[in-house]
Amino acid sequence: MGFFSKISAGLKKTKDGFNKKIYELFAGRELDDDFYEELEYILISADVGVTASESIIEQLKNACFEKKITKSDNAKELLREIMIGEIDYEVPEYEYPLVILVAGVNGVGKTTAIGKLAKYFKSQGKSVLLAAADTFRAAAAEQLSVWAERAGVRIVKQNEGSDPAAVVFDAIGSAKARGENVVLIDTAGRLHNKTNLMKELSKIHGVVDREFPNCDYRSYIVIDATTGQNAVSQVENFGEIFDIDGIILNKFDGTAKGGVVFAISAEHEIPVVFVGIGEQIDDLLKFDASDYIEELIPIE
Ligand SMILES: Nc1nc2c(ncn2[C@@H]2O[C@H](COP(=O)(O)OP(=O)(O)OP(=O)(O)O)[C@@H](O)[C@H]2O)c(=O)[nH]1
Ligand SMILES: [Mg+2]
């Protein structure tokens, strides 16, 4: 499957409702209050979020006023541009050696995302090492080993219950010794409480900073697109623990509310970097704002 058909298939559920409603709304209507109210309703129904929806509509009103546009047919292109602008962040190119920490609440698909990322970097000719720093959940390291095998990459793990920061320490030592290009750190989703999670993640940060000061270090949070607005509070909660460099938005294939990209990205100014669109190793796409909007509001 090519890139476009993949993102298209991943967004199928969102598109089913959204495309049609937008198509109908933008066909031969006056740009009056009713129009903007309906547009806001469509956006909020797709989980775009109230703040992002209001911002989009405000910008659209201003742009239509400036350009003296009064008919909806001519406003669609403006809506596309405004929506792209809301979520199109410049993400710095990766530099190597690269370390990516993957965090998020339990069950969102962290381990799966690491398996997919391993394949992604490997297919770009990079050597990859996985660090099994989820030592909390039984069998977490075994699950990661299966992904390491599938992707054909190495893994560093320790016994269940051992210190996650010690696993990261080992992994970095091993990566430096072998000159690996990418280290992907899997972390636990469920700890006894937030303080524990906070302590553990900052300890891991500390190890990376100290042991690998010149690596390109990115902290990503994984969220499950099907949880809608709940995903927004997860971004907020993790944002209190560390600086989030990017979001991996998983289970995009299972949601009719793909608009959640706006709720999480626009308001918090954190880019969505990858989207997960299935359970298989190749079901990961680098996020591209223009392609995404192209699917939601196709150019006719
Ligand atoms: N449909 C779909 N399922 C996914 C996707 N990503 C992960 N999953 C499924 O979500 C479930 C949980 O995935 P894991 O990778 O184990 O999640 P995790 O965040 O590591 O879970 P914990 O380690 O328990 O916190 C699995 O059944 C995955 O197959 C996705 O993009 N789409
Ligand atoms: Mg896991």
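Modeller: Before we start, two strands count as paired here if DSSP finds at least two bridges between them. And keep in mind that this is a predicted model.

Biologist: Fine. Which residue in strand 7 does Ile248 stand opposite?

Modeller: Strand 6 and strand 7 (residues 272-276) run parallel, and three bridges join them. That clears the cut-off of at least two bridges for a pair. Across that pairing, the residue opposite Ile248 is Phe274.

Biologist: Is strand 6 largely enclosed or open, and why?

Modeller: A residue is called buried if 20 or more other C-beta atoms lie within 10 Å of its own. Four of the five residues of strand 6 (residues 246-250) are buried, so the strand is, in a word, largely enclosed.

Biologist: Over to strand 4. How many of its residues are buried?

Modeller: Val182, Leu184 and Asp186 point one way from the strand, while Val183, Ile185 and Thr187 point the other way, and all are buried. Strand 4 (residues 182-187) is mostly covered, then, and the count of buried residues is six of six.

Biologist: What does Val128 stand opposite in strand 4?

Modeller: Strand 4 is joined in parallel to strand 1 (residues 98-103) by five bridges, with Asp186 as the partner of Val102. Strand 2 (residues 128-133) pairs with strand 4 in the parallel sense too, over six bridges. In strand 4, Val128 stands opposite Val182.

Biologist: Last one: are helix 6 and helix 7 roughly parallel or antiparallel?

Modeller: The axes of helix 6 (residues 110-122) and helix 7 (residues 140-151) come within 9 Å and cross at roughly 25°. The contact includes Ile114 and Ala118 of helix 6, and Leu144 and Trp147 of helix 7. Angles under 35 degrees count as roughly parallel. That makes the answer for helix 6 and helix 7 roughly parallel.

Technical notes. Residues are numbered from 1 along each chain as its sequence is written. Chains are lettered from A and ligands numbered from 1 in the order in which they are written. This is a predicted model: local features need pLDDT of at least 70, side-chain atom pairs count only at pLDDT 80 or more; totals for chains, interfaces and linings use all residues. A residue is buried if 20 or more other C-beta atoms lie within 10 Å of its own, exposed if 12 or fewer, and partly exposed in between; C-beta atoms are placed from the backbone. Helices (H or I, at least four residues) and strands (E, at least two) are DSSP runs, numbered from the N terminus. Axes are lines fitted to C-alpha atoms, for helices over the stretch in contact, and angles run from 0 to 180 degrees between N-to-C directions. Angles under 35 degrees count as roughly parallel, over 145 as roughly antiparallel, 65 to 115 as roughly perpendicular and the rest as oblique. Two residues are in contact if their C-beta atoms, placed from the backbone, lie within 7 Å.
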